[in-house]
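Open your viewer and get the selection tool ready.

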Amino acid sequence: MPRPMAMPDREGSPPDEGTTFTISKARFAVHWLLSLLTLFLTVAAIGATVVSLLGVAPLDSPRTLALALTFIIASHAVSADPPQEFTNSIGMKLRLIPAGEFMMGTGDPGPHFGPRHKVRITKPFYLGVYEVTQAEYEGVMGENPSKFKGASNPVEQVSWNDAVQFCKRLSAKEGKTYRLPTEAEWEYAARGPERRRYPWGDEFDGTRLNYCDTNCELGKRDEAFDDGYAQLAPVGSYPDGASWIGALDMAGNVSEWTSSKFAAYPYDATDGREAQEGETERVTRGGSWHSPALRARNGARGMNDPFFSDSDLGFRLAGSSPQGTSL
Ligand SMILES: [Ca+2]
Ligand SMILES: [Ca+2]
């Protein structure tokens, strides 16, 4: 299992989380062309109306005005706003997470989960609503390494290197930019501006996630709750466990790789921890079917070598695009 840090949970100045997201170049160009035409025709319509009122011009102001309105409507239809939700070529649903600030980390004693510090997510980014499934992984990679087989189960037994490879292959297939979320993005999507302790709120509820509940065959099982699964659950089995942005299974099912190298807080995306090269340990986030409730907290961190894999460790996609590519 992912190696948890041996301390509890705290909640933190504010390094920027440098995610980039832009709309496609073509969409952007069409939007602005329509906007310029709308402006031109609106000015023409007003001018024609004024001149008509003065009784000197034979211009057809109503028709020009109608044309202007048509362009206004078309301009809105080709809005420059990115879609709130996006389904990719293999049916994976990603949601747009707005930029914002949150308090990262927990208030527990110990050096790894805190101190709490403010982190700013400077640009919107996409995040997978679900963990990557075995069917999705096999569709892209041609193999399914998971121990507990099931097409809708999250893929497990995947190393950080495997997860990154999956992102690269899918990016190449679609011409988009997929990647793992940073641990700041992950925690922001789980915790939100309200500083939730768990994705759904501040109180633990063992029916809203798949953790080591009473069905769990391990000695550390929690007999206070029955979540219905001894090992993996199909992704999205706990709609009541959704985070503030609608991401599912963040607290449990499988722990998830992030892009980040493990480093002490405060989180700073520019200090080298987001460098993709290097064999340093990478941060894992969220609890799993294998872990106790303590690990389900939004601020809990784990870490493992990038070549490590286990049956309670998977990942979810993030998406952001360099300038000019569409997602
Ligand atoms: Ca369980
Ligand atoms: Ca999870």
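Which residues in α3 are buried? Select that helix and look at Gln-134, Glu-136, Tyr-137 and Val-140, which are buried (20 or more other C-beta atoms within 10 Å of a residue's own, with C-beta atoms placed from the backbone). Seen down the axis of α3, these buried residues fall within an arc of 160 degrees, so they line one face of the helix; the arc is that of the directions from the helix axis to the C-beta atoms. Helices here are DSSP runs of H or I, at least four residues, and strands are runs of E, at least two, numbered from the N terminus.

A word on conventions: this is a predicted model, where local features need pLDDT of at least 70, side-chain atom pairs count only at pLDDT 80 or more, and totals for chains, interfaces and linings use all residues. Residues are numbered from 1 along each chain as its sequence is written, while chains are lettered from A and ligands numbered from 1 in the order in which they are written.

Just after α3, pick Gly-142, which has a positive phi of about 80 degrees. Now select the largest nonpolar core, which has 56 residues (buried Ala, Val, Leu, Ile, Met, Phe, Trp, Tyr and Cys joined through C-beta atoms within 7 Å). Leu-127, Ala-163 and Cys-167 touch the most other members, and α4 gives the largest share, 6 residues.

Zoom in on Cys-167: beyond its neighbours within four places in sequence, Cys-167 is in contact (C-beta atoms, placed from the backbone, within 7 Å) with Tyr-178, Arg-179, Leu-180 and Leu-317.

Finally, colour by pLDDT, the predictor's confidence in each residue, from 0 to 100. The protein's mean is 85, but pLDDT stays under 50 over residues 6-23.

Notes
A residue is buried if 20 or more other C-beta atoms lie within 10 Å of its own, exposed if 12 or fewer, and partly exposed in between; C-beta atoms are placed from the backbone. Two residues are in contact if their C-beta atoms, placed from the backbone, lie within 7 Å.
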